[in-house]
Amino acid sequence: GITVSTELVRICQKFLGLALIVFLYVSQQINLANFFYYQYVMFVSLSVAFIWVMERSGFSLCQGWRINREQIKGYIKEFCDYCHPLFMYALVAFIVGILDRWLLQTYAGSVQQGFYSLSYQIGAICFLFTSAMTPLITREFSIAFTSGDLPKMAVLFRRYIPLLYATAAYFSCFIAMQADKVVFLMGGENYHGAILPVIIMAFYPIHQTYGQLSGAVFYATGQTALYRNIGVLLMTVGLPITYFLIAPRENLGLQAGATGLAIKMVSLQFIAVNVQLYFNARFLKLQFMRYLGHQIVCVGLLLAIAAFSSNMVGKFSMLSANVVMSFVVAGVLYTVLVTGMVYWLPVTFGMRREDIQSVMTYLRNKLLPSV
């Protein structure tokens with residue numbers, strides 16, 4: 001619950017890291033060995049700072065740490081029961097991830113590997129805006145479940161999951177429609193072949209957000225075995241699909257390279273997330289089809305607005321000639337139109353009319369306190 005203090009510490013750590021990198025650059029000491037040392041310094045400094053914050057907040061690590069043998073056995077058993085499925089899940093995910101990249105490298109080569117890596121990193125940018133909420137929502141789910149308050153868990157799920165999904169979709173849909181400009185700005189002309197993988201992978205963080213937040217229910221309720229079973233089954237099925245999409249035609253494949261792997265990642269992510277959603281909806285007594293329909297409608301509307309914004313800006317030759325200018329103007333127009341959609345159709349962002357009115361009142365009080 002001391003997230004504000006710890007996030008401030010993280011920000012300070014990032015500035016420390018920036019200062020160290022600049023110092024190494026200026027002194028011409030950037031090499032692999034010093035980079036490893038840099039990582040250790042950053043990790044140790046963050047750990048020490050966290051301990052300092054905990055001590056100041058009344059959660060001392062030096063108090064109450066002595067436990068008897070029976071308590072040790074109980075904690076070990078609880079830890080193993082909870083974490084063993086997660087360990088197996090992480091192990092399978094690691095192996096499958098390595099094999100996916102190995103197949104791409106073997107059958108498509110380094111160029112396609114670079115295209116996929118760029119598309120994956122661009123997609124990860126969209127996920128940054130919602131990933132910070134996952135630990136907080138997990139905490140709230142855990143508190144509600146420990147209290148036996150399933151209705152509160154359902155309220156939290158209904159209130160925040162669609163909203164954060166729509167937030168991720170807001171960024172992803174715009175990136176998908178502006179993929180050519182994003183690739184040019186981040187990779188240059190040599191990465192022109194990455195445009196299609198970027199378009200596809202732009203949709204990956206949308207359901208990655210849903211997966212993280214929906215997975216919080218499994219973590220909070222201790223259903224880690226079910227979480228593992230869903231993930232391991234789909235990852236195992238996905239491996240031969242990767243081969244089929246990437247392998248050359250003489251080996252009975254489609255030879256789709258980075259595009260094929262992107263298709264596999266997005267499609268399996270969509271299936272996995274909705275299987276998890278089905279079990280969570282049943283557990284919390286929510287309507288599964290309502291949330292499935294929201295996913296499709298929300299993305300469809302945002303894609304339509306993003307496409308309209310891009311086409312409108314493209315009609316002006318003065319803007320379209322400048323990549324940065326056209327990207328910024330399209331983004332502003334897109335944001336204005338989405339804001340209007342949220343105001344008139346708040347349900348598309350998982351919100352209610354009362355939520356919009358409360359936000360407007362808050363902004364009015366902040367901007368015009370004397371009125």
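**View 1. Asp81 and Lys77 within helix H3 of a predicted model.** Asp81 and Lys77 both belong to helix H3, residues 69–108, where they stand 4 residues apart, about one turn of the helix; helices here are DSSP runs of H or I with at least four residues, numbered from the N terminus. The two residues form a salt bridge whose closest N and O atoms are 2.9 Å apart, the term meaning a side-chain nitrogen of Lys or Arg within 4 Å of a carboxyl oxygen of Asp or Glu. Asp81 is partly exposed at 48% relative accessibility, while Lys77 counts as exposed at 55%; buried means under 20% relative accessible area, exposed over 50%, and partly exposed in between, with a 1.4 Å probe and protein chains only. The model is predicted, so local features need pLDDT of at least 70 and side-chain atom pairs count only at pLDDT 80 or more, whereas totals for chains, interfaces and linings use all residues. Residues are numbered from 1 along each chain as its sequence is written, and side-chain values use heavy atoms, with hydrogens and water left out.

View 2. The side chains of Asp100 and Lys264 meet in a salt bridge at 2.7 Å, N to O. This pair links distant parts of the chain, with Asp100 in helix H3 and Lys264 in helix H11 (residues 257–284), 164 residues apart. Asp100 is buried, with a relative accessible area of 5%, and Lys264 is buried as well, with a value of 5%.

**View 3. The salt bridge of Arg139 and Glu140.** The structure holds 4 salt bridges, and one of them joins the side chains of Arg139 and Glu140 at 3.0 Å, N to O. Arg139 is partly exposed at 40% relative accessible area, and Glu140 also counts as partly exposed, at 28%.

View 4. Residues including Val4, Phe15, Val22 and Phe35 belong to a nonpolar patch on the surface, which has about 1100 Å² of accessible area in all. Accessible areas come from the Shrake-Rupley method with a 1.4 Å probe, and for residues only the protein chains shown count as cover. Patches consist of residues with over 30% relative accessible area and no salt bridge, like charges being joined within 9 Å and nonpolar side chains (Val, Leu, Ile, Met, Phe, Trp, Tyr) within 5 Å. Helix H1, residues 3–26, gives the most to the patch, with 9 residues. Val22 lies in this helix and is partly exposed at 42% relative accessible area.

Technical notes
Helix = DSSP H or I, 4+ residues; strand = E, 2+ residues; numbered from the N terminus.
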